[in-house]
Amino acid sequence: MMTHAAYDCDVLVIGGGIVGLSTAYALQRAAPGTRVTVLEKERGPARHQTGRNSGVIHSGIYYRPGSLKARYALRGSAELADFCAEHSIAHATTGKLIVATDRSELPRLHSLVQRGREHGLPVRELGPAQIAEYEPEVRGLAAIRVGTTGVCDFTAVAARLAAEVTAAGGVVRYGAEVVAVDRRPWGVAVRTAEGLVVRARTLVNCAGLHCDRVARLAGDDPGVRIVPFRGEYYELARPELVRGLVYPVPDPAFPFLGVHLTRGFDGSVHVGPNAVPALAREGYGWPVVRPGELLSTLSWPGTWQIARRHWRYGAGEVHRSLSKSAFTRAVRRLLPGVREEDLRPSPSGVRAQAVLKDGTLVDDFLIREAPHTVHVLNAPSPAATASLPIGREVARRALRRAQETGWRPPAVESGHCV
């Protein structure tokens, strides 16, 4: 067994998005003195899913009671608002409307009312005239208002978490892409593209778009493949058309919430996202193609099952991606007054969606363990909202794994990781 001094840190976290950083933050709060290192391949935090979403603090209304998404979003939304207030990070609790524009959507809207009440959320049912009181330019047959939804600057949250980690003695290394993982009886050693080797008792995989690849590097079969879906956004040139947050009624067959209207903390209004297949894990536009990653997606049987089951839905999303006028028509279902020239292109995001071999889209957060490792294999929306409770759960598992090496959390100990 290796000595304490031979380890470079106790827990090594791969991934500097909001989930990886909240895990590192939770580790240090749960067990002060724990030596923590975070390795992030980009030159700063929150460069992918965390920094490329709509900035919404979700209430939890969509998620099945008892699921991790429901439990952690309900808890996390309140905790995140408190964290933002404590650290002077831009945020606001705005509430949102979920609007039915077709009679076929009314039963689903009613189901959301029931689910919201099960969760204990403040849900108010609205008719057309009441919709207009909140959003004069929005049209619908009926709606519900959820009072606890908000917006915040998730990139600033991630940066604050990173600062808290380093202030507590941890290390966050940027530009450190992990290319090899060597699991031994005493723990784990990883090597970065630049040749840095880090030895730890426990590895936490929060690599987001690349989490399945990191799991395979560690010698584990994740049982899922990350299939990337790009979400494309526009910014509204006339932000006065929208006062707050407006969502369509979601289709329960898909994990996507549909094109929605989001007034951010800075007053801008974003429209989107759609959901189209990305041709690379970080494929933020159609021209971005990485043949190896595309082959990985196409060689997964689940990809073809998705295509077979949902080709009509997918074709519509691709059409709206390639045709601005088609996208505009979709937005007009909620916002009739919008014009094509009102929509200005805005940066896209990519959702890291875990897919089973049979084509099932993993609907909940997915955390799996193996010797000396904890893998976060599915953490799309609402993971940013739920990041603080997710981080605590992953930290709890990581500390338990670290103790299997004979280590015990120190009371309070100075010292830094590599």
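Residues are numbered from 1 along each chain as its sequence is written. Because this is a predicted model, local features need pLDDT of at least 70 and side-chain atom pairs count only at pLDDT 80 or more, while totals for chains, interfaces and linings use all residues; side-chain values use heavy atoms, with hydrogens and water left out.

**Exercise 1.** Work out whether the radius of gyration of the protein chain agrees with that of a compact globule.

*Solution.* Start with the rule: 2.2 Å times the number of residues to the power 0.38, with the radius taken over C-alpha atoms. For 418 residues, that puts a compact globule near 22 Å. Now look at the protein chain: its value is 22 Å, so the two agree. Along its principal axes, the C-alpha trace spans about 70 × 45 × 35 Å.

**Exercise 2.** Count the helices and strands of the protein chain.

*Solution.* First, know what to count: DSSP runs, numbered from the N terminus, with helices being H or I of at least four residues and strands being E of at least two. Then go along the protein chain, and you get ten helices and 20 strands.

**Exercise 3.** Find which residues touch the most other members of the largest nonpolar core.

*Solution.* Such a core is a set of buried Ala, Val, Leu, Ile, Met, Phe, Trp, Tyr and Cys residues joined through side-chain atoms within 4.5 Å. Buried means under 20% relative accessible area (exposed is over 50%, partly exposed in between; 1.4 Å probe, protein chains only). The largest core has 45 residues, and Leu27, Val157, Leu161, Val204 and Ile390 touch the most other members. Among the elements giving it two or more residues are helix 1 (18-30), helix 5 (154-167) and helix 10 (387-403). Next, zoom in on Val157: leaving aside neighbours within four places in sequence, its contacts (heavy atoms within 4.5 Å) are Ile18, Leu80, Phe83, Cys84, Ile89 and Cys152.

**Exercise 4.** Decide whether Ser387, Ala46 and His372 are buried or exposed.

*Solution.* Take Ser387, in helix 10: its relative accessibility is 1%, so Ser387 counts as buried. Beyond four places in sequence, Ser387 touches Ile18 and Ser22. Ala46 sits in the loop between strand 2 and strand 3 (56-57), and with a relative accessible area of 7% Ala46 is buried. His372, in the loop between strand 19 (366-370) and strand 20, has 9%, so His372 is buried too. Check the backbone as well: phi is positive, near 60° for Ala46 and near 65° for His372.
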